[in-house]
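Hi,

Here is the structure I promised to send over. Have a look at it first, and then read my notes below.

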Amino acid sequence: MTPNQLSSLHVPSDPRLSPDGTKVAFVVSTPNLEDDRYDRRIWVENEPFTSGPGDTAPRWSPDGSRLAFLRSTEGKPSQLAVIPVGGGEARVLTDFELGVEAVEWSPDGDSLVVVGLTYTDEWADLDEEERSRRPRRVTTVPYRYDNRGWTHDRKRHLWLVGLADGAEPRCLTPGDHDEESPAWSPDGKRIAFITDREVQSGLVSGNDVFELDLATGGTTQVTERGSWACVSYRPDGSLHLLGNRKSAHPVDSYLHRREEDGTLTDLTGHLDRGSVSLAAGPAAIRWNGQNAIIGLEDSGRFGVIEVQPDGTVDSLVGTDKVVTGFDQVDRRLVYSASTWDSPGEIVSDGTPLTNLNEADIALAVPQHFRVESDGHEIDVWVLLPDGDGKVPLLLNVHGGPASQYGFGFFDEFQVYAGAGYGVVACNPRGSSGRGKAHLEAVLGDGWGVADYADVTAAVDAALERYDRLDGERMGVMGGSYGGFMTGWIIGQEDRWQSAVVERALTSWNSFAGTSDIGGAFPENYLGVSYPDAWDYWWEKGPMSMAQNVTTPTLVLHSENDFRCPIEQAEQYFMALLRNGTTAEFIRFPGEGHEMSRSGKPRHRVERFEAILDWHARHLM
């Protein structure tokens, strides 16, 4: 695979079945290199249904006659639109200046709830020139958020949108807070949602689940604070939550039922596997009668399970793939999933419904094995290019660290293998998908110790198993936490001939004050709080050992990255130059932390070209 073949990848997501289960609507997204955007259209069954180019989030009306969705045109924010399924033009129902982020039908089909974005009073009546000029008075954190931009000047509230011509949206949750993930009760009298009403929000981990009474407009907190990813009502009205009663990151997400007395019953914690994954799609709960349908992450896979009210679990999808979305009606199960050789297809009851990715792209077959590291089992993947000669080894380290590599399609691995590298990847301790102990092994003194040992074990095992991997020509790279680990490795080893440190956490000390999650993330992982943590934080970051780096290093970063702000890269690059280390620094304007996955298509191609050029200079 080559970088320009990104435009040949068609990625389906968000499958939704009609109420009678006869049709499935889903989104297909394709990178458009010519126009430097993503073309997104809604399909129904196996045909395009909307014109795009910015259509997402299809939602069937309760009677199946209409389809609501979010439409973005000419780079403007998404708005709520509704289209008749039998034919006709889409009607846009909202005109929020900052757009709409979520939509759900009321049970009676007369209205919809959306998450609408509006400016706060201070900023509402200003023009764009004045908004860009005016000083920003900040009193809370986070005041900006990665992939969202400024957040202190706007609010995300629930709005009720009627279908009648001229009906004005009505704000359901006014106030100085934000809401997300709305879910209607079956009787249409309540809406559950996720919010954060903590006074020190941004400095304290976690979030809250509230319930809105439509008749009175009152809201009530219905569960203890935790780390909640989504909420849903069972058909009989019983509220269920996907998440964890522990608020501090990292956590695995389990299915919980709220009992009549307000207590929570954990239905899937006994599995010691989570149901939300950074490597898969959004959190979701679907229903088959009284049984919940949720995802399950396990050792590089993300499947689908059915959970009975007593916690009994049946696997519905569990093979070597990564499910990114699913739905079920009347026992018809549909899902979108990627496999090693496809970025995604829609599958209905085990049979492929689509054939979106027919392009003739040469791909390397990942080879999976496990290795023991300090008594822990680690999943490892190796991809080798065609041929039988020696090839440079290129170690990739994923971000998170509470994420995972796996059995799904990953364009990066294929591009690097296509360029002649032997790719090595693993899920060291700290990764998700292997249970609580594996996830939490890097907390405190384990940070940079347990994970470092596992990555080393994976590389050594790969060299032993595959004679084609050249131990004299090795490169290492990663983004976010993977960027941390890359800097951590080359600060302690000189056996690497090339490195790419991308969107990295290099200094905990400055990250704690500049990152959108800096208020709680350092303490969550390292277990020590400011100001007592200062020396410990420094010791646990790559900046503390940058003076040791001899490996030629390319530093990549996005200028609008608020998760790991670009000052992290600036500090690190300057330290390398002071050493006399061979180094370059590439900055991507207008991009955030997720640039490598969802940034502008041309930037993604240019990023690939820069990485391949750097490694070729030092490894080929």
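Helices here are DSSP runs of H or I with at least four residues, strands are runs of E with at least two, and both are numbered from the N terminus. With a relative accessibility of 22%, Ala512 counts as partly exposed. The cut-offs for that are under 20% relative accessible area for buried, over 50% for exposed and partly exposed in between, with a 1.4 Å probe and protein chains only. Leaving aside residues up to four places away in sequence, Ala512 touches Gly518, Gly519, Pro522 and Trp537; contact means heavy atoms within 4.5 Å. Gly262 is 250 residues from Ala512 along the chain, and their C-alpha atoms are separated by 36 Å.

Before you go further: this is a predicted model, where local features need pLDDT of at least 70 and side-chain atom pairs count only at pLDDT 80 or more, while totals for chains, interfaces and linings use all residues. Residues are numbered from 1 along each chain as its sequence is written, and side-chain values use heavy atoms, with hydrogens and water left out.

The whole chain

The chain has twelve helices and 38 strands. Its radius of gyration is 24 Å, close to the 25 Å from the globule rule for 620 residues, so the chain is as compact as a globular protein of that length. (The radius is taken over C-alpha atoms, and the rule is 2.2 Å times the number of residues to the power 0.38.) Along the principal axes, the C-alpha trace spans about 70 × 55 × 50 Å. Of the 620 residues, 58% are buried. Among contacts with a separation of 6 or more, 55% are between residues 24 or more positions apart.

Strand β2 (residues 24–32) is mostly covered, with nine of its nine residues buried. In a regular strand the side chains alternate between the two faces of the sheet. Both faces of β2 are covered: Val24, Phe26, Val28, Thr30 and Asn32 are buried on one side, and Ala25, Val27, Ser29 and Pro31 on the other.

What does β2 pair with? Strand β1 (residues 11–17) runs antiparallel to β2 and is joined to it by five bridges; strands pair if DSSP finds at least two bridges between them. Arg16 has Ala25 as its bridge partner in β2. The hairpin of β1 and β2 has six residues between the strands, and Gly21 in the turn has a positive phi of about 75°. β2 is also joined to β3 by eight bridges, again antiparallel, with Val27 opposite Ile42 in β3. In that hairpin there are four residues between the strands, and Asp36 in the turn has a positive phi of about 55°.

Further along, β15 (residues 179–184) and β16 (residues 190–195) run antiparallel with four bridges. Glu180 stands opposite Ile194 in β16, and Gly188 in this hairpin takes a positive phi near 75°.

A covered helix

Helix α3 (residues 411–418) has seven of its eight residues buried: Asp411, Glu412, Phe413, Gln414, Val415, Tyr416 and Ala417. These pack against β32 (376–383), β33 (391–397), β34 (422–426), β35 (469–479), α11 (595–598) and α12 (601–619). Just after α3, Gly420 takes a positive phi of about 105°.

Most residues other than glycine have a negative phi, and most peptide bonds are trans. Some places to check against that:

- Glu45 is not a glycine, yet it has a positive phi of about 55°. Glu45 sits in the loop between β3 (37–44) and β4 (47–48) and is partly exposed, at 22% relative accessible area.
- Ser299 also has a positive phi, about 50°, without being a glycine. Ser299 lies in the loop between β24 (291–298) and β25 (301–307) and is buried, at 2%.
- The peptide bond from Gly400 to Pro401 is cis, with omega near 0°; Pro401 is in the loop between β33 and α3.
- The bond from Tyr530 to Pro531 is cis too, with omega near 5°. Pro531 is in the loop between α8 (521–526) and α9 (534–539).

Cheers
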